[in-house]
Amino acid sequence: MLDQVKQIHPHVFTSPAELDALVLEPKWLFAKMARSVLRAKPAEFRLAVAVRGCDERAVVELVKRSQIDRERLLTIGYACGAEQAKACLCSRPYPEKLEAGEAVAGVDPFADGRCIKCYGCRNSCPICVCVPCKLEDDVWVERGVIPAEMVSFHLIRAFHLSDTCVACGACQEACPVGIPLMTLQLSMRAALKKDYNYEAGLDADRRSPVLFDFIKEPRPGQNVPDWVDSTGKKP
Amino acid sequence: MNPEFIRTICPYCGTGCGIVLKVQDGRAAASYPDRENPVSRGSLCVKGWFSHEFVHHPERLTAPLLRKGDAFVEISWEEAIDLAARKLRETASTYGPDSVGGLSSAKCTNEENYLFQKLIRAAFRTNNVDHCARLCHAATTVGMLQTLGSGAMTNSISDLAGADCILFIGSNAAESHPVLMGEVYKALDRGAKMFVIDPRETPVARNARKLLRLNPGTDIPLLAGMMRHIVDSGLHAKDFIEKRTENVEALRTFLQAWPLDKVASETGIDEATIREVAETYAKAENAAIVYCMGITQHACGVANVIAICDLAMLCGQVGKPFSGIYPLRGQNNVQGACDMGALPNLYPGYQAVADAAIREKFQKAWKADLSDKPGKTVTELINASGKDIRALYIMAENPCISDPDVNHVMEALQRLDFLIVQDIFLTETAKFAHLVLPGACFAEKTGTYTNTERRFQLLHKAVDPPGKAMGDFEILCLMGKALGLPFDYASPAELMAEYAGLVPAYAGISFDRLERAGLQWPCPDEKHPGTRFLHGTTFTRGLGRFVIPDYTPPMEKPDAEYPYYLNTGRVFAHYHTGTMTRRSAFLNREIEDPYVEIHPDDASALGVGPGDWIRVTSRRGSIVTTARISDRVVKGSIFAPFHFTEARANMLTNPVLDPACKTPEYKVCAVKMEKDHEAQAR
C-alpha cells in the first residue's frame with residue numbers, strides 16, 4: 001500500500017474502504033508472506049493476495065509442498081510490464097489466471113530459438129580452426145534443422161572455446177539474429193581467470209590450464225586422479 | 001600472390017547481403033560478411049557464408065554446346081552466336097514475331113535483364129519476355145499497382161526494427177530471408193508484438209506471440225474478418241481514409257459478408273484470436289505486414305495481396321516509417337528484373353507497352369519498331385511451346401524444377417524447334433536445349449542487383465568465368481550485334497546511363513554513386529539520396545484505392561483418393577532449384593536428401609517412420625522421397641521443399657493460375673502417400 005507518508009510497503013487490507021491505497025508497483029513477492037500470515041491466523045481465516053506470474057508460480061510450489069492451504073488463499077493475477085519482464089529476463093511475465101493488466105511477451109534470455117544456423121559464430125571466430133568441426137558431427141548436431149539446439153550446438157561451441165576465447169566478440173557481432181553469445185563465453189573466461197588466473201592470449205608461454213595446469217595447479221581441496229595426466233607424468 | 005578481397009552482393013535471396021570474397025590465385029576461396037553493407041551489416045546466413053563453394057565446381061559449363069542427337073558437342077562462340085541469331089531470325093520470319101520468346105533471369109544483373117528484354121523486343125518486335133517473378137511476386141505487382149500504385153516493398157528492411165506490431169503472413173523469413181529476421185528480433189526486443197499467420201509452425205512462428213494456423217488458402221476470410229472487426233470497433237484510421245484513399249464504401253459493403261463467426265468457421269481461427277490480432281495491428285503506433293509466397297502462390301494471389309493493402313490502408317499503417325507492407329522478394333535480383341522490364345506488358349520502370357506515348361519513347365530511344373501487344377507470361381510461353389512459340393531463349397532459369405507440373409514443362413520444351421539455354425551449369429532445363437551457352441556467376445561479373453527494399457547495389461568482378469564461359473552481359477552484346485542491334489556497350493556502367501535516362505525513378509542512379517551503400521529508388525536526380533519509404537504524402541497512384549478482394553477457395557482440395565494437402569517451399573540450406581546450393585559441399589551436407597514433413601498421426605496411420613522412403617502422388621505426377629515426422633505441419637497436410645531434382649515437388653503441384661497475374665497455386669494441391677518398399681529396400 002501507499003501509506004500516508006508516501007511510502008510503499010506490503011499490507012493486509014481488511015476493509016474495502018482501505019483499497020484506495022492499493023498499489024501494485026514496485027515488484028514485491030507475496031507468496032511466502034501469505035504463508036506466514038495464514039500460519040499465524042486461525043484455520044477459518046481467509047486471505048486474498050495479488051500475484052504476478054512468478055508469484056503465482058511460487059504459490060503453486062508452496063501449495064505442492066504443503067506450505068500453503070490453497071483453500072484459504074485466493075490469488076488475484078496481474079501482469080508485469082515489458083520493462084519489468086526485461087529486468088527479470090522473465091519468459092512468462094503474467095499469471096495463468098490473469099485478472100488485471102495486459103500480458104506482455106516474455107523475454108527469451110538466450111534467444112536461441114532464433115538461431116538460423118548460419119555458422120557465423122564459428123566462421124567469424126579467430127580461434128575456431130578444428131577439422132573436422134564438432135558442429136559438423138552427426139553425433140552432436142542434427143543436420144538440416146533450425147533453430148540449432150542450445151545444448152548440442154551453442155554449448156558445444158562455447159565449451160570448445162572455453163580456454164581459447166580471446167573475448168573479441170566477433171561471434172556475437174556476426175550473429176544475424178542477436179543471440180548474446182558473449183554471455184556464455186565471458187562466464188567461462190571468468191571461471192578460468194578465477195580458478196587458474198588464466199586469460200587466453202595474454203601469456204605466450206603458458207599452456208591452457210584445461211589441458212595442462214589442471215595437474216599443476218589443482219583447486220584447493222580438489223583431488224586429482226592420476227588418469228587425468230595426459231602427459232604421462234605424475235604431478 | 002597475395003589474396004585480394006572483393007566486395008560484392010550475395011547471389012541467393014532478395015535481402016541483398018554484402019559479401020567480401022577472398023580471391024586467391026584466381027579462385028574465390030572464402031566468403032566473409034561485408035561489415036559496411038547497409039543491409040546485412042556484417043552478418044550472413046549459411047548460404048552467404050558458403051557462396052564461393054559452387055563457383056569453381058567441376059561441372060561448370062566452359063564452352064558453348066550444340067546438341068547432336070542425344071549428346072552435346074563443343075562449338076566455338078562464333079558458331080554459337082551465329083547459329084542462335086540465325087535460328088531465332090528464321091523462326092521469326094517463318095512463323096511471325098510472336099513465335100519467339102525469352103525467359104530473362106532474376107539471378108542476373110539489372111544491366112543483363114535490361115539488355116535481354118531489349119534484345120527480345122527490339123530484335124523480334126514481340127513482347128514475349130518474362131521471368132520467374134511470374135512464379136512468385138507477380139500477384140504483388142498486379143495487386144499493389146491497383147491499390148497503391150507501386151508493386152514494390154513500401155518500406156526499408158531496417159524499418160522493421162522500429163515496428164510495434166508485425167504480422168507475418170505466409171512468410172518463413174527465418175529460412176528464406178534469414179538475415180532480415182535480425183531486424184524483426186530487434187523489434188521484439190523492444191517489446192513489439194509479432195503474430196504469424198501460417199498453416200505451418202515455421203521457425204518464425206516459434207518466436208511469435210501467437211501462431212494462427214489457418215486452413216490452407218483462407219487468407220482473405222481471415223483478413224476480411226480482421227477488417228470487419230476493426231471497422232465495427234471504430235479502430236480504422238478515419239482521417240487517413242478520408243484524406244488519402246478512395247472507395248472505402250465498397251470495402252465496407254464487402255465486409256458485411258464476413259461476420260466473425262463465418263470467418264472463424266472458414267479459417268479455423270477462433271474469434272477471440274482474430275479480434276486480438278486485429279486490435280493489436282490497428283492500435284499499434286507503427287505496424288508492419290510481412291508476406292511472401294504463402295500469399296501470392298494461390299489462385300487468388302492478387303486478391304490476397306489486395307486484402308493486405310486494404311488492411312494496411314484501413315489502419316493508416318502505410319506511408320510512414322516503421323510500418324508498411326513488406327512483400328519479401330525471393331531472388332537476389334527479382335526486384336531488378338521486374339524493374340528492368342523483363343515483363344511481357346511493361347517496359348523498364350513499369351511503363352506499359354500498350355501506352356502509345358510510352359511505346360513511342362522507347363521506339364525512339366532504341367531506334368526500333370516495337371509491338372504494342374502484351375506478350376506471353378512464363379507459364380503461357382511454356383504452354384505454347386511447340387505451338388505458337390517455336391523458339392525460346394532461356395537465360396539462367398530452370399523451369400524444369402521451378403514451374404508447376406514439371407512433367408508438362410519437359411514435354412513442352414521438347415516440342416520447340418529451337419531452345420537456347422544460357423546458364424552456368426547443365427541444368428535440368430539445359431538438357432533439353434539445342435544450344436547451350438556458358439554464362440557467368442555472381443563472382444564473375446560487374447553490375448547491379450536491386451534487393452527487396454529497392455536498393456541498387458554493386459557487384460564487383462572477383463574472378464574470371466571458367467574456360468570459354470563468358471559474362472551474360474558480353475554474351476547478350478554479341479547476340480544483339482548478330483541480330484543487327486547497336487549493342488556496343490563498353491561496360492554495364494555505360495548501359496546504366498541508358499536506362500537511367502528512360503526511367504525517371506532511376507534518373508539519379510549511376511555506378512559511381514553506388515559504391516558505398518547503394519541507392520534505393522525512386523532516385524530522380526543526381527543529388528537525391530534515395531527513398532526509404534514510399535507513399536509518404538501521396539500514394540504512387542494518387543489516392544490509395546480500396547479494392548474488393550474476391551475470395552476463391554483452393555482449386556484442388558483433398559478428397560477420398562488424394563486425402564492430403566501438399567504445401568511447398570524452401571529450406572534454410574538450399575536455394576530454389578538447387579543448381580548452386582546442391583553443388584556447394586557445405587550446404588549439401590546440411591540437407592542431402594529430399595524429404596517431406598508429415599504429421600506424426602498421419603505417419604503412424606501409414607506405418608511410416610523417420611527417414612523412411614515414401615511415394616507421394618498427385619493427379620500430375622509422383623515422387624519418391626523421405627519422411628520427416630514433425631508436428632510443424634498439421635494433421636492432413638504435408639510440406640515438401642522444392643529444391644531436389646531427384647524428387648521434384650513440382651512434379652506434384654497444380655498448374656492452375658491466378659487469372660490476373662498468372663501465378664500458379666504452388667501452395668495448395670491434393671496428394672496421396674504410401675510407403676515405398678522398393679526404395680526402402682535399397
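Colleague: How many helices and strands are there in chain A?

Modeller: There are eight helices and two strands in chain A. Helices are DSSP runs of H or I with at least four residues, strands are runs of E with at least two, and both are numbered from the N terminus. One caution first: this is a predicted model, where local features need pLDDT of at least 70, side-chain atom pairs count only at pLDDT 80 or more, and totals for chains, interfaces and linings use all residues. Residues are numbered from 1 along each chain as its sequence is written, chains are lettered from A and ligands numbered from 1 in the order in which they are written, and side-chain values use heavy atoms, with hydrogens and water left out.

Colleague: What pattern does chain A follow along the sequence?

Modeller: Chain A reads α-β-α-β-α-α-α-α-α-α.

Colleague: Why is chain A called more spread out than a compact globule?

Modeller: Set the value against the rule. The radius of gyration, taken over C-alpha atoms, is compared with 2.2 Å times the number of residues to the power 0.38. For the 235 residues of chain A the rule gives 18 Å, and the radius is 26 Å, well over that, so chain A is more spread out than a compact globule. The C-alpha trace of chain A spans about 75 × 45 × 40 Å along its principal axes.

Colleague: What share of the residues in chain A is buried?

Modeller: Buried residues make up 36% of the 235 in chain A. Buried means under 20% relative accessible area, exposed means over 50%, and partly exposed lies in between, using a 1.4 Å probe and protein chains only.

Colleague: Which residues of helix 5 of chain A are buried?

Modeller: In helix 5 (residues 150-160) of chain A, they are A:Met150, A:Ser152, A:Phe153, A:His154, A:Ile156, A:Arg157 and A:Ala158. These buried residues pack against helix 4 (120-124), helix 6 (170-174) and helix 7 (182-196) of chain A. Contact here means heavy atoms within 4.5 Å.

Colleague: What makes A:Lys6 exposed?

Modeller: Its relative accessibility is 64%, so A:Lys6 counts as exposed. A:Lys6 is in the segment before helix 1 of chain A. A:Lys6 also has a positive phi of about 60°, although it is not a glycine.

Colleague: And why is B:Asp405 called buried?

Modeller: B:Asp405 counts as buried because its relative accessibility is 11%. B:Asp405 is in the loop between helix 17 (399-402) and helix 18 (406-414) of chain B. Its phi is positive too, near 50°, in a residue other than glycine.

Colleague: How do you know that B:Cys136 is buried?

Modeller: The relative accessible area of B:Cys136 is 8%, so it is buried. B:Cys136 sits in the loop between strand 7 (129-130) and helix 4 (138-147) of chain B. Leaving out residues up to four places away in sequence, B:Cys136 touches B:Met293, B:Thr296, B:Gln297, B:Val334 and B:Thr663.

Colleague: Why is strand 23 of chain B called largely enclosed?

Modeller: Strand 23 (residues 564-569) of chain B has six of its six residues buried, so it is largely enclosed by the rest of the structure. Both faces are covered: B:Tyr564, B:Leu566 and B:Thr568 are buried on one side, and B:Tyr565, B:Asn567 and B:Gly569 on the other.

Colleague: Which strands does strand 23 of chain B pair with?

Modeller: Two strands pair if DSSP finds at least two bridges between them. Strand 23 of chain B pairs with strand 30 (residues 669-675) of chain B over three bridges, antiparallel. With strand 27 (residues 637-641) of chain B, strand 23 pairs in the parallel sense over five bridges. B:Tyr565 stands opposite B:Ala670 in strand 30 of chain B and opposite B:Ser637 in strand 27 of chain B.

Colleague: How many bridges join strand 4 of chain B to strand 5 of chain B?

Modeller: Four bridges join strand 4 (residues 65-68) to strand 5 (residues 71-74) of chain B, and the two run antiparallel. They form a hairpin with two residues between them, and B:Gly69 in the turn has a positive phi of about 65°.
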